[in-house]
Amino acid sequence: MDFELTYRQFSERSILVEWPSEITENMLHDVLNFKNHLLNSNIKSLVQINNAYNSLLIIYDITIDKLNNEVYALNALYSSRASILKPAFKLWKIPVCYDDEFALDLIEISEEKRLSKSKIIKLHYEAIYTVFFIGFLPGFLYLGGLNKQLYFPRKKSPRQRIKKGAVAIGGEQTGIYPNVSPGGWSIIGNSPVELFKLNDDIPCFANAGDKIQFFPISNAEHSAILSQIASGAYQIESEVIDG
C-alpha cells in the first residue's frame with residue numbers, strides 16, 4: 001500500500017518526509033521499510049535518517065540547492081521500494097512496580113476514570129505495546145497500544161523532576177522515563193531497568209517495531225533487580241517473534 005507523502009525542506013541540509021497524521025502499525029512498517037530502502041540506496045550524501053510516528057527526517061552532508069530534484073529522487077525511491085514484509089521483532093518483558101511509593105498519579109487516574117487502582121494496573125500490564133520511535137530523551141520509548149480506558153491527558157503543569165524509571169501515561173501513549181527529567185505525563189509506577197547505556201555499542205536495547213510487555217513486581221523485587229543491575233547480573237527477558 002502506498003501512502004500519500006509530503007516533502008518539505010527542514011533545514012538547508014535536511015528534508016522532512018511526512019505520512020498522513022495517524023498512528024498505525026501499517027504506517028510504522030511503511031515508514032521503517034522506506035527508511036531501510038533509503039539506507040540501502042546509493043545516495044552517498046546521506047548522513048542520517050531519523051523516524052518518528054509518521055515521518056522521516058533525512059539529513060544530508062551537502063546543502064540542498066534544488067529541492068524539487070531531491071524530492072523527485074526520494075519519491076522515485078519510495079515507489080520502487082519492496083512490498084512491506086513484516087519483519088521479525090523482539091518482544092521485551094519489562095518489570096514494573098505499581099506500589100503507591102512510585103504510582104504518584106494512580107489515585108487521580110482512578111478517581112477520574114472511576115476504575116479501581118488494581119483494574120488500571122491490570123489493563124496497563126496486560127497490553128502488548130509497539131515501539132514507534134525513540135526520543136525525546138535518549139532511550140525514551142514512545143509506545144502505542146495503550147488500552148483506550150487508560151487514555152489520560154498530559155498535565156497542564158509538568159513536574160520539574162521525574163524519577164528515573166517512572167512509568168507514565170500521556171494522552172494515548174505510555175512510556176518510561178529513562179533518566180531524571182522534567183515531564184508532564186501521569187506516573188503510575190516505576191521500572192528498575194536501564195533503558196539507555198551511553199557506553200554500550202548499542203545504547204538502547206529496543207528498536208522501532210519491537211514490542212514491549214510489562215509485568216508487575218513488588219517493591220522488594222524492584223530493589224533486588226536494581227542490585228542485580230548494579231552488579232551487571234540482570235538481563236532484560238526477550239524473545240524473537242516472527243512478523
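1. Let's start with the helix pair: H1 (residues 25–39) and H2 (residues 67–80) pack at an angle of about 115°, their axes 10 Å apart. H1 is therefore roughly perpendicular to H2 (65 to 115 degrees counts as such). Axes are lines fitted to C-alpha atoms, for helices over the stretch in contact, with angles from 0 to 180 degrees between N-to-C directions. Helices (H or I, at least four residues) and strands (E, at least two) are DSSP runs, numbered from the N terminus.

2. A word on the source: this is a predicted model, where local features need pLDDT of at least 70, side-chain atom pairs count only at pLDDT 80 or more, and totals for chains, interfaces and linings use all residues. Residues are numbered from 1 along each chain as its sequence is written, and side-chain values use heavy atoms, leaving out hydrogens and water.

3. Back to the helices: Asp 30, Phe 34, His 37 and Leu 38 of H1 meet Leu 74, Leu 77, Tyr 78 and Ser 80 of H2 (contact means heavy atoms within 4.5 Å).

4. Now the sheet, which is open and has four strands in the order S1-S2-S4-S3, with antiparallel pairing (two strands pair if DSSP finds at least two bridges between them). S1 (6–11) and S3 (46–51) are the edge strands, each with a single partner, so one side of each has no neighbour in the sheet. Neighbouring strands are turned by 20° against each other on average, direction ignored.

5. S1 pairs with S2 (residues 14–18) over five bridges, in the antiparallel sense. Tyr 7 stands opposite Val 17 in S2.

6. H2 lies across S1, S2 and S4, running at about 130° to S1.

Notes:
Parallel < 35°, antiparallel > 145°, perpendicular 65-115°, else oblique.
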